[in-house]
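Subject: Model handover

Hello,

Here is the model we talked about. Please have a look at it first, and then read the notes below.

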Amino acid sequence: MFTFEIISQQVLNGLLTGASYILIALGLTLIFGIYRMINMAHGAVYMWGAYFCHVLADSIGMNTYLAMAIAMVLAGLLSVGIERTVFRPLKGCPDWVALVAGLGLYYALENFGWIVLGPRELHIHALATQEVVRFWGLYANLQKVILAGVCLATLIGTMLVLKKTDMGRAMRAASADPEAARLVGINTERMSMLVFFLGGAFAAAAGSLVGSLTSVAPGMGFRPMIIAFVIVVFGGMGSIMGTVVAGLLVGVLQNILAYAVTPKFAYCFTMLSLLTIFIIRPTGIFGEDK
Amino acid sequence: MTRGKLVIGAVLLAYAVIPAFAPENIVHLMTITGIWIIIASGLNLLTGYMGYVSFGHAGFVGIGAYTSALLTLKFGVSFWTAALAASLFTALFGLLLGVAILRLSGIYFSIGTLILGEILYSIYYNWSPVTGGFMGLNVPPPELSLPLMGGVSFELLQWYYFIYLLVFLVVGGLKLLIDSHFGKEIIAIRENESLSQSLGVNINQRKSQCLAISCFLAGMGGALFGAFMGHVDPDSFSIAGSTEFITIIIIGGLASLMGPFFGAYVLITLSLYLEVLGKWRMVVYGLIIVFVMIYARGGIVGFLETIFKREFRK
Amino acid sequence: MSLLKTTGICKSFGGLAAISNLSMEVHEQEILALIGPNGAGKTTLLNLITNFTTPDSGSIILAGQDIAGLARHKIVKLGIARTFQSLTVFENLSVSDNITIGHSSQVESSLLDMLNIVAYLRGKKEHRHGLREKIAEVMAFVGLDAGLAKEPVHVLAMIDKKRVAIASALASGPSLLLLDEPLAGLNQSEAQELLGLIRKAKGAGIAVLLIDHNLEAVMSIAERVLVLNFGELIKTGTPEEIIRSKRVSEVYLGK
């Protein structure tokens, strides 16, 4: 049961799954790092991003990747809208206020999704989902590889922006000390909008790609969002490196558990393991010690 | 003070006579609301008074519900014993869990309880041989044998009075608790844990005790809910349920004894009226939560405070 | 008589020694001042005594017991109370509530007691009455007007907030009171009032260990002075001896 080949396959699957989580978690980590708030509505943006992509790709018949790009922009705008209407008035409030508000908003958005999408199963048509690539004796679904590729590209892009551009440097400053950043003249408001926009866009990308592999449904965002949260916290809130490492770990863990134990309990056991580690080290792998 | 006692007396009287006038479905709803009040009061102790915001409370309710149901179903235990045992078991669970989870503070605690809630939901949903999976379990109605009257069948009316008897006992007990040193220390923990410690408060002990009491009440509520509805299934104990309890205490007013009352009735009424909206119900519900968080965080009691210019919350 | 004694305490933070081999003593009912430049380790010493941080080595003996690393609330029960460098009180709670919390360690209230309603109600009436008296007593002692009891602390002036902080600490019935920069932010007359309060505490049988940068004030009230520099105790003596000491001048007084 546990040959090297099988384990490697599961690890590979895990890494690919992890990629989708990282894409969602990246947005959350950026938002938290710079905005210092937890965005519980993120999962809804993920779902709506997938839906936009579906409408553009399947109903209108656009090229899937073009559809995805446009969906990313739309989702980014939705995310910005959420920031302006819900989160900005809550700046300065205790953390749990944003948490509850975010959850409420998530419900509103998911259930609006039930109204719009209905009970049908929607799909995003993409050729790559049908193909399987083979390398080093392992198999991988091409669409999943593309997903991982998008994730990697996004990560590299984000890192480059943060390290090399003025805006990126400003973001890092704001992340380290929001007050000081504002005093120095950095436009934190514009930065917040940018961060929310990116978060929404990344989520939409993840949603579209995952949606093309499985389906688009109103509730599709909840579990990935919870897992993304755990990853963000586990990796150290605001740390991109931590998010990546944690994301991959969780993906691998979930797949191995699904294989070794019954798939039904994979989610449960993954959460249990993470909760245990969380309790032992709440600030995460790369988080700052209090 | 006598005015306060008159008000309480009037309220108790009102509750006592309502079943005489109100249609059956209202009495039914009020009974469920009563169970909600018990659970919300427990959560209010942990979240409103002590400041530890728990997003997994429905999970604890589920522990009480399933434990009680299983004891009556599989072991033939009488409901009364089962409900008590379930409440104690949930409290014990909270106590043990607290050792680990109370080390987390603030947002980390909230996320931790969120994860916990998910884990418990997953167990309720997937551990079919024990919990009945997504179908759940059917719970037999309680039997009551009174010394002179013999067997009494537990109908809606009996449930109504029984639940509200418990509600007032619970609220009364909580009032004694809050007014005592325990209550002051709990509030101090919410305000500043570190300072509390340096003034001599044994915060670890208090936090555990508070969580245990909160879980006891959650378990009790769960056991009552299962027996009253005749059925337990996982969907009552998901994140949606946890969010509902949090919403109740926020809308009602955190850290006030009356808060859970107001909050629970508002929520039930909302559900009723929102029925009309059909599918839009949940959308509006979600938006109401957002609205309350932005504009009305003090809840109804907070609003009353501004009207009466008095402090009702701690 | 020795009340508290530290022997060979060492504490490092990430390779930097905050306290090196510190041995000192606090005598009963004395007013002891701890002075030294910023970063000398004064607050660290208080933190070590009250277990806000644990020593790497060494012992802290109180009444024959090593309290290093002992749970904070237990240290309070043993008779050590403190205030903080940045004024720390329960801003949103009333003055009497603040003092009540300070009194926690003196109250026997197990959960079982609280749920035992009859005994509780009987006990509570006595307790509440006793508590009200205690609060009034402490408030009078620190110079807080009795009418302020129900006021939330955040509306009070700085000097009164400081009184509340000290009152809460005193409510725990300490034999040793640790004050970290109590005079910060006070004007001349307010500082004098606070110094008077410290003398009153001594008169009531409480030893006071006090850190402050207002050297004139500190020297006027201290019976003994400890001088710290870079985590080491460089001189102990009376205020006159310290002022005269060349070594201390070099290090600290800058004369």
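Helices (H or I, at least four residues) and strands (E, at least two) are DSSP runs, numbered from the N terminus. This is a predicted model, in which local features need pLDDT of at least 70, side-chain atom pairs count only at pLDDT 80 or more, and totals for chains, interfaces and linings use all residues. Residues are numbered from 1 along each chain as its sequence is written, while chains are lettered from A and ligands numbered from 1 in the order in which they are written.

Chain A first. A:Phe32 sits in helix H1 (residues 4–35) of chain A. Is A:Phe32 buried or exposed? A residue is buried if 20 or more other C-beta atoms lie within 10 Å of its own, exposed if 12 or fewer, and partly exposed in between, with C-beta atoms placed from the backbone. A:Phe32 is buried because 23 other C-beta atoms lie within 10 Å. Leaving aside neighbours within four places in sequence, the contacts of A:Phe32 (C-beta atoms, placed from the backbone, within 7 Å) include A:Met37, A:Val232 and A:Gly238. A:Arg88 is 56 residues from A:Phe32 in sequence and 13 Å away in space, C-alpha to C-alpha.

Helix H2 (residues 42–59) of chain A has 18 residues. Its first and last C-alpha are 25 Å apart, close to the expected 26 Å (1.5 Å times one less than the number of residues). H2(A) is mostly covered, with 15 of its 18 residues buried. A:Gly61 follows H2(A) and has a positive phi, near 90 degrees.

Next, the chain B side. In all, 33 residues of chain B are in contact with 34 residues of chain A. H5(B) gives the largest share of the chain B side, 13 residues. By class, that side has 22 nonpolar, seven polar and four charged residues. Here Ala, Val, Leu, Ile, Met, Phe, Trp, Tyr, Cys and Pro count as nonpolar, Asp, Glu, Lys and Arg as charged, and the others, Gly among them, as polar.

Last, chain C. An open sheet of six strands runs in the order S6-S7-S8-S3-S9-S10 (chain C), with mixed pairing (two strands pair if DSSP finds at least two bridges between them). Its edge strands are S6 (80–82) and S10 (232–237) of chain C. S7 (residues 176–180) and S8 (residues 207–211) of chain C pair in the parallel sense over five bridges. C:Ala207 in S8(C) is the bridge partner of C:Leu176.

Best wishes

Terms used. Contact = placed C-beta atoms within 7 Å.
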